[in-house]
Amino acid sequence: MSGTAGAPEGLCAGRISLSLGGMTVLHDVSLTARRGEVLGLIGPNGAGKSSLLRVLAGLRQPDAGSVVLDDEPLAAMSSRRRATQIAFMPQNGGEPPPMAVHDLVSLGRLPFGGDAADQDAIIRAMEETGTIPLRERPASALSGGELARVLLARALAVEAPYLLADEPIAALDPAHALSVMALFRSLARKGMSVTVVLHDLTLAARFCDRVALLQEGRLAGCGRPEDVMTDAAMRDVYKVDVRRLDGAVVPWNLVSAVSEGTEQTS
Amino acid sequence: MTDRHPDRFLIAALSAGLVILFVCALLWGETSLDITDAFRDLLAGRHSIGAIILGQLRLPRALLAVLIGGTLGLSGAVLQGYLRNPLADPGLLGVSGGAALGAVVTFYTGLSARVALALPAGGLAGALFAVAALIGLVGQGGTMALLLAGAALTSFFAAMTSLTLNLMPSPYASFEIMHWLMGSLADRTMTHVWLCLPGIVAGGTLMFSVRRTLDALTLGEDVAESLGFRSSGLFGAQMRIVVGAALAVGSCVAVSGAIGFVGLVVPHLLRPLTGYRPGRLLVPSFLGGAMLLLFADGLARVIPTSSELHVGVLTALAGAPLFFWRVIRLKRTVT
């Protein structure tokens with residue numbers, strides 16, 4: 001996949017601004033999700049991470065700016081072509097349908113023809129997420145963690161080069177969260193672009209090739225985790241002091257608590 | 001991997017059941033007749049008693065049962081899939097109320113007594129008016145706008161129907177209206193079939209066109225849109241569902257009166273057999289709805305009562321206990 005000379009390859013958001021209900025949720029945000037890397041979108045609640053992800057997925061038109069996919073404006077792309085290029089996994093919410101897990105995963109193949117290749121893609125997605133043993137179970141009877149993996153399998157079944165996932169590990173225990181982040185890394189090593197909204201700073205620092213830090217709808221930083229997730233940035237954006245344990249970033253105290261002299265020692 | 005298309009067997013079984021019921025509906029009646037002779041006469045254009053009974057009484061009635069029952073089942077399945085609510089029913093669009101009001105107005109003005117087809121034509125006009133009002137009200141709004149617009153239209157048309165009944169000069173006409181509103185397929189002719197057919201075909205085609213969109217919507221509008229299926233917009237799924245269901249159901253109510261519970265019960269019963277895939281539910285729901293109405297109409301014809309039972313009464317009588325049973329089962333599962 002190659003763009004024309006000078007055009008950046010990847011899913012590029014250029015100077016995106018967006019208002020919802022009279023509130024500015026994104027202001028002049030530019031970033032690129034590249035093939036072969038895991039990009040983490042981090043920031044406190046309400047920073048605009050999910051809105052940015054939806055704009056990148058083409059699900060919401062920005063008020064200003066544009067999204068370009070490998071040199072092709074997303075707005076000019078047919079919805080069917082976009083569906084084969086970008087897989088989107090929203091935040092898990094609502095009651096899952098009682099359909100069998102295999103059928104739910106197969107929904108990811110709806111943009112395609114419905115041939116044998118679909119069956120292979122479904123099996124691959126279920127193998128990668130460890131959901132094969134669940135294939136006959138109704139989705140409504142799954143635990144939160146199982147459901148999260150099944151919904152990820154649905155998104156992977158599209159086999160799109162770009163995956164956008166909104167808090168995919170929010171409902172997972174540490175072991176499953178680690179395995180999903182490791183899966184994202186391995187997908188990226190195979191040439192995919194994975195953009196993922198994360199609240200877990202430790203996993204973001206460990207598994208993301210780059211992170212984009214959002215603060216009140218603005219991009220406060222974008223780059224390698226160690227360059228972006230500095231102590232000063234964590235204090236400024238998250239209002240927390242962090243400690244670093246073996247390279248992991250651990251939120252430790254509220255900034256206000258520190259300033260009031262109530263820091264607890266361990 | 002297990003067979004992923006058990007619905008093929010379901011469709012085959014339902015089709016076979018429908019054919020059997022259809023043949024029974026043609027054979028079944030007060031007058032016994034040689035069906036093969038009657039068919040031969042009908043095809044040859046001979047006006048024998050058998051050909052008249054078959055061609056002008058039994059065939060149109062059976063065809064209407066298939067078309068109307070099928071449409072109600074299909075519309076129920078589409079609306080339940082789109083709204084992701086297993087209790088959605090074609091009646092919630094308000095179009096049945098519009099058709100009923102249109103028909104009642106023809107009673108009120110005396111048109112129905114003077115012109116043979118004024119009643120279904122009035123029903124159709126009322127349904128079309130309701131479709132236009134529904135589209136105007138819903139516009140680009142989402143499912144909540146659709147539900148609210150349907151509720152508003154239903155209560156408005158019900159109030160206007162009550163007002164018309166209230167002002168009706170002749171008590172006999174009020175009685176006639178009450179009977180018509182109960183829903184029946186008695187004394188309908190091939191003209192009624194031709195009258196409702198265009199709306200049913202056009203509406204049914206629109207509803208079938210959203211089959212894959214309904215599957216995509218299972219995980220919400222964001223996932224559906226990311227898979228390339230739009231629900232909003234002029235040619236989006238919502239507009240096709242609203243126009244399709246409203247046209248088809250309005251055309252049905254115009255010729256049969258309001259027949260309840262078919263659109264609610266049939267998809268509800270068949271859903272577990274289609275793996276809870278809303279797109280797979282459409283064809284079985286059409287066939288199941290057609291079967292249910294053919295069967296109910298057959299019962300209406302043979303149950304000995306002083307005046308023939310209305311099929312709408314029978315479907316409601318059969319539907320209510322089913323929901324009682326579902327409530328009891330639900331309580332058992334929960335406790």
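Me: At what angle do helix 4 and helix 12 of chain B cross, and how close do their axes come?
Reply: In this predicted model, the axes of helix 4 and helix 12 (residues 237-256) of chain B come within 8 Å and cross at roughly 35 degrees. The crossing of these two helices is right-handed.

Me: Which residues meet there?
Reply: From helix 4 of chain B you have B:V95, B:S96, B:G98, B:A99, B:A100 and B:A103. They meet B:A246, B:V249, B:G250, B:V253 and B:A254 of helix 12 of chain B. By class, that contact has eight nonpolar, three polar and no charged residues.

Me: And helix 4 against helix 8 of chain B, what's the geometry there?
Reply: The axes of helix 4 (residues 95-108) and helix 8 (residues 171-181) of chain B come within 10 Å, crossing at roughly 155 degrees. That angle makes helix 4 of chain B roughly antiparallel to helix 8 of chain B. Their crossing is right-handed.

Me: Where does UniProt put transmembrane regions in chain B?
Reply: The UniProt record, an unreviewed entry, places them at residues 9-29, 62-79, 91-111, 117-138, 145-165, 241-269, 281-303 and 309-328 of chain B.

Me: How much helix does the model have over 91-111 of chain B?
Reply: Residues 91-111 of chain B are 71% helix and 0% strand, with the end C-alpha atoms 26 Å apart. For residues 241-269 of chain B, the values are 83% helix and 0% strand, and the end C-alpha atoms are 21 Å apart.

Me: On to helix 1 and helix 14 of chain B: parallel or antiparallel?
Reply: The axes of helix 1 (residues 7-27) and helix 14 (residues 282-302) of chain B cross at roughly 25 degrees and come within 9 Å. The two helices are therefore roughly parallel to each other. Helix 1 of chain B passes helix 14 of chain B in a left-handed crossing.

Me: What residues make that contact?
Reply: Helix 1 of chain B contributes residues including B:L10, B:L14, B:L18, B:L21 and B:F22. Among those from helix 14 of chain B are B:L287, B:M291, B:L294 and B:F295. By class, the contact has 15 nonpolar, four polar and one charged residues.

Me: Switching to the interface: how many residues of chain B are in contact with chain A?
Reply: 16 residues of chain B are in contact with 18 residues of chain A. Helix 10 (211-216) and helix 11 (221-226) of chain B each supply at least two residues of the chain B side. Helix 11 of chain B gives the most, with four residues. The chain B side divides into five nonpolar, five polar and six charged residues.

Me: Last one: what domains does chain A have?
Reply: Chain A is divided into domain 1 (11-229) and domain 2 (236-266). Their C-alpha centres lie 29 Å apart. The contact takes 10 residues from domain 1 of chain A and six residues from domain 2 of chain A.

Me: Which element gives the largest share on the domain 1 side?
Reply: Helix 7 of chain A does, with four residues. Helix 7 (201-207) and strand 9 (210-215) of chain A are the elements giving two or more residues to that side. By class, the domain 1 side has six nonpolar, three polar and one charged residues.

Technical notes:
Residues are numbered from 1 along each chain as its sequence is written. Chains are lettered from A and ligands numbered from 1 in the order in which they are written. This is a predicted model: local features need pLDDT of at least 70, side-chain atom pairs count only at pLDDT 80 or more; totals for chains, interfaces and linings use all residues. Axes are lines fitted to C-alpha atoms, for helices over the stretch in contact, and angles run from 0 to 180 degrees between N-to-C directions. Angles under 35 degrees count as roughly parallel, over 145 as roughly antiparallel, 65 to 115 as roughly perpendicular and the rest as oblique. A crossing is left-handed if the near helix is turned anticlockwise from the far one by less than a right angle, and right-handed if clockwise. Two residues are in contact if their C-beta atoms, placed from the backbone, lie within 7 Å. Ala, Val, Leu, Ile, Met, Phe, Trp, Tyr, Cys and Pro count as nonpolar, Asp, Glu, Lys and Arg as charged, and the others, Gly among them, as polar. UniProt positions are given in the numbering used here, feature names are shortened, and annotations may be inferred rather than shown by experiment. Domain bounds come from an automatic or database domain assignment.
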